[in-house]
Amino acid sequence: MLYTSEPFLGEAYREAIANVNARRPGSFPRVPATREILDHVGWPVPVILARLFPTVDPVAAELLLLETLPVIGQRVARGEGMLFPGVPDTLAHLQRAGFTLAVASNGGRHYVETVLATYGLARQFTELVSIDGSERIGNKADILRAYTVRERCLPAALVMVGDRASDVEAAQAVGCHFVGCDYGHGYREEIAGAGPVVASFDALPPVIAAVLSNPQPAG
């Protein structure tokens, strides 16, 4: 859990909805509260929109998807979101310790690449595997499997770090370790029992080392 779009997320959805309503008046009669949106963060944007607006006309829903992605990307690039405290130094520490770092996100490739480029983090991560809209890479579990193949590592040598149920499900699907983040968008019950939990990003290195010393992932 590196980054949060919480500072601008509500306004980004407001902007995207206004753009759609200007083209198709009345398509979206309300703008969800930021907390309502954050409750779904961690899933692909099409899933988020389907959950927020289950009864909206499919054409309007598709237009909102096309509006939301670039609006969010532009705000990320302008630095309107934020890294969690300790991210750059902790990533550098893990890299020096010999870990291969990878991003497993339900955000699209452009979103992830924009975050990494905006904060100068791209060089610290291995080549990105992202959701591509095909049957091959459709969720976080597929992403983790792709990394294990490309990096030639067993699932037991992999640690998934995250704050949402989708992160836990991905780790369990591939049989890798999980470390929960108690400082992100999710709720503690989503990650309870899946593995150790950290309260800040800079607490990760010793916890990762500890879980890797256990050959059997939790859960």
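The structure is a predicted model, in which local features need pLDDT of at least 70 and side-chain atom pairs count only at pLDDT 80 or more, whereas totals for chains, interfaces and linings use all residues. Residues are numbered from 1 along each chain as its sequence is written, and side-chain values use heavy atoms, with hydrogens and water left out.

G184 belongs to the loop that runs between β4 and α9, the latter covering residues 188–191. Once neighbours within four places in sequence are set aside, the contacts of G184 are with M1, F84 and D163, a contact being defined by heavy atoms within 4.5 Å. G184 and Y3 are separated by 181 residues in sequence, yet their C-alpha atoms are 8.7 Å apart in space.

H177 is located in strand β4, which comprises residues 177–181. With a relative accessible area of 3%, H177 is buried. Two backbone oxygens are reached by the side chain of H177: that of A156 lies 3.0 Å from one of its polar atoms, and that of V211 is at 3.5 Å. Such polar contacts are pairs of N or O atoms within 3.5 Å, for which, within protein, one atom must be able to donate a hydrogen and the other to accept it, and residues adjacent in sequence count only if both atoms are side-chain atoms. Leaving out residues up to four places away in sequence, H177 touches a set of residues that includes P155, L158, V159, M160, A171, L212, N214, Q216 and P217.

As a whole, the protein has ten helices and five strands, assigned as DSSP runs (helices H or I, at least four residues; strands E, at least two) and numbered from the N terminus. The radius of gyration of the protein is 18 Å, which agrees with the value near 17 Å that a compact globule of 219 residues would have; this radius is taken over C-alpha atoms, and the globule rule is 2.2 Å times the number of residues to the power 0.38. Along the principal axes, the C-alpha trace spans about 60 × 30 × 30 Å. Of the 219 residues, 46% count as buried, and among contacts with a separation of 6 or more, 60% come from residues 24 or more positions apart.

Notes:
Buried means under 20% relative accessible area, exposed over 50%, partly exposed in between (1.4 Å probe, protein chains only).
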